[in-house]
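Hi,

Here is the structure I said I would pass on.

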Amino acid sequence: MAYKVLLADDERIIVEGISSVIDWEALDTELVATARNGIDAYEKIVQYRPDIVISDIRMPGMDGLSLVAKVHEEYPSIKFILLSGFSEFEYARTAMQFGVKSYLLKPCNEDRITEALTGIIAELKDKKESETFIQKLRENYKKAQPYIKAQLLTEFLSTKIHSNRDLSYYQQLFDSNIDELQVRLILFRLEGDFSYEHIFAVKNIGAEIFDSPLLNTNIGELAVFLLEDEQGTDSLQEQIDQIRERLHEYYKIDTTVAISEGNHIQNARRLYLEALECLEHRFYLGEGSIITKKDILHGNPESHNDIIVDEQQISIKVKSGHVEDVCEEIDAFFQKMAEFRLGIPMTKSYCVQLYLAIVQTGDTDRMQDYLMGTSALLEMDTVQQMKDYIEARAKELTLEYYSRYKSKQSSVINKVISIVEDNIGNPDLSLKMIANEILYMNPDYLGKLFKQETGQRFSSFLTKLRIEKAVEYIQEMDDVKVVTLAEMIGFGDNPQYFSQVFKKQTGYTPSEYRKVT
């Protein structure tokens with residue numbers, strides 16, 4: 001079925017031109033209606049429910065941006081291509097608030113419009129494919145039947161006692177001899193907010209990507225796969241990556257994965273416990289990790305004395321206002337924590353110590369709020385979460401100090417500008433004079449501050465301001481002489497040089513400028 005397009009523009013020649021030059025059929029589209037103003041366009045949108053609207057921004061009755069806003073509220077799935085003779089960013093920014101990605105400047109040719117339509121159509125098709133995929137998953141979820149097989153294997157993994165006789169039941173289920181099978185367990189833990197539908201999605205996607213898993217079930221909130229251990233670890237890694245990528249593509253959910261060692265199926269419960277231990281180490285390795293037995297080797301607990309929170313050092317860096325330095329200090333601390341693996345309680349205690357060293361640089365009247373952060377830290381599930389929290393608060397405090405520094409810097413430059421304005425007629429006025437005789441600062445440092453704050457050198461600023469003053473005097477004083485004008489704005493007794501600078505800045509000599517104005 002072709003995608004329906006509506007075209008709205010108050011210029012007849014534009015409407016007719018676009019209608020005739022675009023090969024609608026080739027783009028799998030149909031031009032269902034045209035409109036000459038925003039009100040007419042809205043009424044036809046309600047009538048035809050197009051997939052795509054091509055609209056001018058400026059139209060009588062209701063302009064294009066108003067049309068986009070109204071349609072976005074009532075029919076958010078409709079896509080817009082906006083046409084405008086204006087390149088102002090404000091128009092594009094307003095349009096982007098309502099999801100408009102195509103903003104074309106007039107005059108726009110057939111290729112530009114075709115390109116925009118092609119992009120939107122591709123987006124609509126991708127969305128439809130995603131919706132179809134998710135709908136298919138939900139249908140499969142309702143029709144799911146093989147609970148008995150999954151339940152029996154789940155009991156085999158999760159119960160403490162089982163006998164050789166138990167295996168006979170699984171052999172009957174699999175219709176094959178599994179006595180000699182070497183197996184491996186894969187556990188998927190979903191992160192963030194999720195529902196049972198998402199766990200089902202992991203199982204469904206995994207059943208498609210893994211090569212005939214022996215078990216595809218869930219134990220609590222974990223998706224569990226029991227696989228024959230007959231493929232290389234690289235191939236297994238690729239399959240796990242495909243499952244995670246597919247889940248994230250359709251549901252925007254991350255997963256942490258634990259992979260057991262390979263062993264005889266009779267030892268499947270021990271492999272399950274091994275994989276559970278791997279998942280516990282997500283605290284150190286972070287959400288979204290793939291964890292194996294080799295990743296859970298414990299560090300040397302006797303080395304924890306090497307982890308020292310240098311409170312003075314971190315305080316100095318926060319107060320300096322340098323965010324990058326603070327983040328480097330925090331990174332170094334957490335690298336040591338990852339190296340030593342001291343256990344969850346000890347790790348959390350060091351993180352709280354670092355956090356307190358940082359927040360003590362803040363305002364005392366906010367300390368109560370800061371101290372509440374210690375409780376939040378102790379409740380976190382991973383070291384990465386703790387690091388992100390500490391880093392966020394450190395950046396906040398560091399930027400506050402930077403803001404204070406910038407405010408002080410701005411105050412100094414504002415004072416410089418005020419001095420210049422009050423002494424514009426002084427021919428000896430210079431940055432060096434202001435720095436040495438008025439502000440008592442290093443001239444080079446003051447010059448750097450001025451350039452950083454204003455974006456221009458002091459000498460350029462002074463020249464520009466003097467010429468602006470000269471223009472004002474010419475407009476206010478009919479018969480002012482060039483000599484007098486040069487003296488009034490600080491060029492002293494050098495009217496010739498003043499005329500040269502004036503012409504360079506304005507394109508006219510002072511006398512010529514008086515005539516043209």
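Let me start with a helix pair. In helix 14, K348, C351, V352, Y355, L356 and V359 meet M367, Y370, L371, G373, T374, L377 and L378 of helix 15; contact here means heavy atoms within 4.5 Å. Sorted by type, the residues of this contact are ten nonpolar, two polar and one charged. (Ala, Val, Leu, Ile, Met, Phe, Trp, Tyr, Cys and Pro count as nonpolar, Asp, Glu, Lys and Arg as charged, and the others, Gly among them, as polar.)

Before I go on, some housekeeping. This is a predicted model, so local features need pLDDT of at least 70 and side-chain atom pairs count only at pLDDT 80 or more, while totals for chains, interfaces and linings use all residues. Residues are numbered from 1 along each chain as its sequence is written, and side-chain values use heavy atoms, with hydrogens and water left out. Helices (H or I, at least four residues) and strands (E, at least two) are DSSP runs, numbered from the N terminus.

Back to that pair: helix 14 (residues 344–359) and helix 15 (residues 367–378) pack at about 165°, their axes 10 Å apart. Axes are lines fitted to C-alpha atoms, for helices over the stretch in contact, and angles run from 0 to 180 degrees between N-to-C directions. The two helices are therefore roughly antiparallel; angles under 35 degrees count as roughly parallel, over 145 as roughly antiparallel, 65 to 115 as roughly perpendicular and the rest as oblique. Helix 14 passes helix 15 in a right-handed crossing, a crossing being left-handed if the near helix is turned anticlockwise from the far one by less than a right angle, and right-handed if clockwise.

Two other pairs are worth a look:

- Helix 8 (residues 196–209) and helix 9 (residues 233–251) pack at about 140° with axes 10 Å apart, and are therefore oblique to each other. Their crossing is right-handed. The contact residues divide into seven nonpolar, four polar and three charged.
- Helix 17 (residues 431–439) and helix 18 (residues 443–454) cross at roughly 115°, their axes coming within 9 Å, and are therefore roughly perpendicular. Here too the crossing is right-handed. L431, K432, A435, N436 and L439 of helix 17 meet P443, L446 and G447 of helix 18.

Strand 1 (residues 3–8) pairs with strand 2 over six bridges, and V5 has L31 in strand 2 as its bridge partner.

Last, check N263, which is in strand 10 (residues 263–264). Beyond its neighbours within four places in sequence, N263 is in contact with L181, Q182, V183, R270 and L271.

Cheers

Definitions and conventions
Two strands pair if DSSP finds at least two bridges between them.
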